[in-house]
Amino acid sequence: MSNPRDILGPQRFSQSHAAPKLIPPNASVTKRYFIRVVTGVTSLLTGMRVTIGKFFDPRTTVTQQYPENRDELKMAERFRGRVVMPHDADGEHNCTGCTLCEKACPNGSISVLNTKHASGRKILGKYIYRLDSCTLCNLCIEACPFGAIEMGTEFELATTRKEGLVEILNKKAGRL
Amino acid sequence: MEREQHIEVRPPSAGGNTEEYWLNMGPQHPATHGVLHLIVRLDGETVREVKPELGYIHRSVEKMAENLTLLQNIHLTDRLDYLSCHMNNHAVCMVAEQACDIGVPERAEYIRVIVSELQRIQSHLLWWGAFAMDIGALSAFLYGFAEREKITDIFERLCGARLTMNYFRPGGVAQDLYDGFEQDARQACSDILYALDEYQRLVTGNLIFQERTRGVGILSRDKAIGYGCSGGTARASGLDYDVRRDDPYGIYDRFSFDVPVATAGDCYARYEVRMEEMRQSVQIIEQALKDLPVGPIQAKAKPVLKIPKGLQVFRQVETARGSFAMTAIGDGTATPLRVSYRSPGFMHVAALHEMSAGFKIADLITILGSLDPVIPDIDR
Ligand code: SF4
Ligand code: SF4
């Protein structure tokens with residue numbers, strides 16, 4: 001196969017529109033007609049060689065049997081599915097309730113409701129995340145200084161219940 | 001004029017015994033690539049007038065932009081021209097960088113060029129498939145998407161999203177390249193070159209395709225300038241302008257690439273120009289991958305980016321469709337006072353009447369497809 005750049009260099013653009021290739025511009029109507037029939041059939045066959053080649057070449061199969069291959073379907077490591085709040089080794093969240101993620105979110109999808117610990121310290125009460133208005137933009141994750149939230153790799157996010165789209169992310173580890 | 005001459009070549013179909021009528025094409029029409037509504041005045045089968053009607057997916061992005069910080073605005077531009085989101089992000093980032101005086105590390109500049117060019121190829125592949133499908137070649141649509149999928153997979157591994165990437169940040173990019181990115185990109189480039197050869201045999205050389213596109217939808221150079229066309233549409237009409245070369249941004253002045261220009265201004269010229277653009281993008285990617293330096297990917301920027309009061313910043317980029325520009329005026333707070341976008345598709349749709357009057361209704365579909373319209377970009 002020759003270098004494709006030689007076939008379609010920039011010079012070609014000034015000349016290629018003078019007349020369609022293969023059909024002489026001053027040919028008679030009948031002659032043009034027959035040339036067209038012949039070039040039409042040959043150009044179709046050239047194209048069909050490509051499609052038929054793809055049809056019989058197993059390497060060109062790109063279709064994935066999606067619902068069946070769910071188990072082996074692995075999303076990329078950085079895939080941005082939805083915001084999740086993982087637990088650390090002790091079953092605690094890293095979130096301190098600093099509300100930086102809330103301020104970073106362009107859509108108001110996060111509400112951090114703080115409460116007071118018995119010692120008087122401000123701690124995280126409820127971390128409300130609304131998937132319905134989230135654009136999965138990753139800005140909250142980048143804003144968090146403690147690495148408390150991350151993007152999950154779950155991708156089947158559709159639900160039939162509207163209530164399923166609003167979620168409280170901080171949970172006790174044991175209850176999961 | 002060129003178009004008038006063309007009408008003489010193609011006599012009206014029904015022997016002059018026809019009646020003029022209006023036809024609504026869209027907003028839900030498979031050939032309008034989205035919710036575009038075309039009101040067409042027809043004489044038999046011949047198009048006399050085309051009026052594009054917009055507003056079906058207006059989301060008031062410019063108004064929303066006034067209430068968001070520059071950092072938050074980046075992800076909104078993903079949703080304008082969703083096939084060129086890296087380039088759109090680049091425009092916002094350059095506005096922020098100019099307004100707040102942020103430098104960009106070398107490595108980040110190279111990454112920006114590589115992903116932008118990958119995306120240009122990806123967008124053109126989708127256009128190629130959709131355009132061929134408009135003309136009736138369905139397998140081309142599937143092949144285009146299969147090839148595009150390889151680049152989409154690279155993006156998914158790189159930034160976690162397949163369509164709305166939100167990858168550029170003022171002063172760099174969000175994440176570093178993953179291990180094996182360079183290999184993947186090289187592989188994608190060689191696959192594309194092979195596929196382009198195949199497309200040449202499958203569609204470009206096909207006589208039916210040539211007959212349907214040559215001499216159809218001619219836009220003269222003057223009209224292209226008059227309507228403000230840019231990108232492949234303007235270059236196919238003989239307007240030798242590419243933002244990457246003539247108003248270089250980022251590090252585009254370091255790469256050598258050709259800007260394909262055709263003079264015919266018809267659908268086939270637009271097709272040829274875009275096909276050649278993909279090859280040129282491959283060249284740019286190969287050069288950028290060769291020189292890719294190591295180092296930081298993001299400059300230290302202030303946490304809150306403020307455009308100084310009264311400062312107006314304008315930056316433009318070359319997206320897959322043409323020149324996309326962003327103007328922002330600051331008022332000294334974290335949110336801009338006014339943001340305005342210039343999107344290429346709007347001008348192309350405005351020129352649709354100019355191109356299609358006098359042609360058949362089937363040619364209108366060809367012409368619209370050759371313009372590569374993305375409706376959220378036209379209507380924002
Ligand atoms: S991903 Fe974006 S939209 Fe979603 S919660 Fe985080 S910041 Fe908000
Ligand atoms: S998730 Fe992070 S940014 Fe958000 S409140 Fe908790 S600690 Fe702060």
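Reader: What makes the contact between B:Glu20 and B:Arg41 a salt bridge?

Author: Their side chains meet with N to O at 2.6 Å. The term asks for a side-chain nitrogen of Lys or Arg within 4 Å of a carboxyl oxygen of Asp or Glu, so this pair qualifies. The two partners come from distant parts of the chain: B:Glu20 belongs to strand β1 (residues 20-25) of chain B and B:Arg41 to strand β2 (residues 37-43) of chain B, 21 residues apart. Before we go on: this is a predicted model, where local features need pLDDT of at least 70, side-chain atom pairs count only at pLDDT 80 or more, and totals for chains, interfaces and linings use all residues. As for bookkeeping, residues are numbered from 1 along each chain as its sequence is written, chains are lettered from A and ligands numbered from 1 in the order in which they are written, and side-chain values use heavy atoms, with hydrogens and water left out.

Reader: Why are B:Glu20 and B:Arg41 called partly exposed?

Author: Buried means under 20% relative accessible area and exposed means over 50%, with partly exposed in between (1.4 Å probe, protein chains only). B:Glu20 comes out at 41%, so it falls in the middle class. B:Arg41, at 21%, counts as partly exposed too.

Reader: How are B:Glu117 and B:Arg120 placed in helix α5 of chain B?

Author: They sit 3 residues apart in that helix, which means a separation of about one helical turn. They form a salt bridge, their closest N and O atoms being 3.1 Å apart. B:Glu117 is buried at 0% relative accessible area, and B:Arg120 is buried at 1%. Salt bridges with shared partners put both into one network with B:Arg235, B:Asp242, B:Arg244, B:Glu277 and B:Glu318. Over all chains, the search finds 34 salt bridges.

Reader: What makes β6(B) and β7(B) a pair?

Author: Two strands pair if DSSP finds at least two bridges between them. Strands β6 (residues 312-318) and β7 (residues 323-329) of chain B have 7 bridges in the antiparallel sense, so they pass. B:Arg315, for instance, stands opposite B:Met326 in β7(B). The two strands form a hairpin with 4 residues between them, and B:Gly322 in the turn has a positive phi of about 160 degrees.

Reader: What sheet is found in chain A, and in which strand order?

Author: An open, antiparallel one of 3 strands, in the order β2-β3-β5. β2 (110-116) and β5 (166-168) of chain A are the edge strands, since each pairs on one side only. Strand β3 (residues 122-130) and β5(A) are joined by 3 antiparallel bridges, and A:Arg130 has A:Val166 in β5(A) as its bridge partner. In β2 of chain A you will find A:Leu113, which is partly exposed at 41%. A:Leu113 and A:Gly125 are 12 residues apart in sequence, with 5.5 Å from C-alpha to C-alpha.

Reader: Why is A:Phe34 called exposed?

Author: Its relative accessible area is 51%, so it clears the cut-off for exposed. A:Phe34 lies in helix α3 (residues 29-56) of chain A. Overall, 31% of the 176 residues of chain A count as buried, and the chain has 5 helices and 5 strands.
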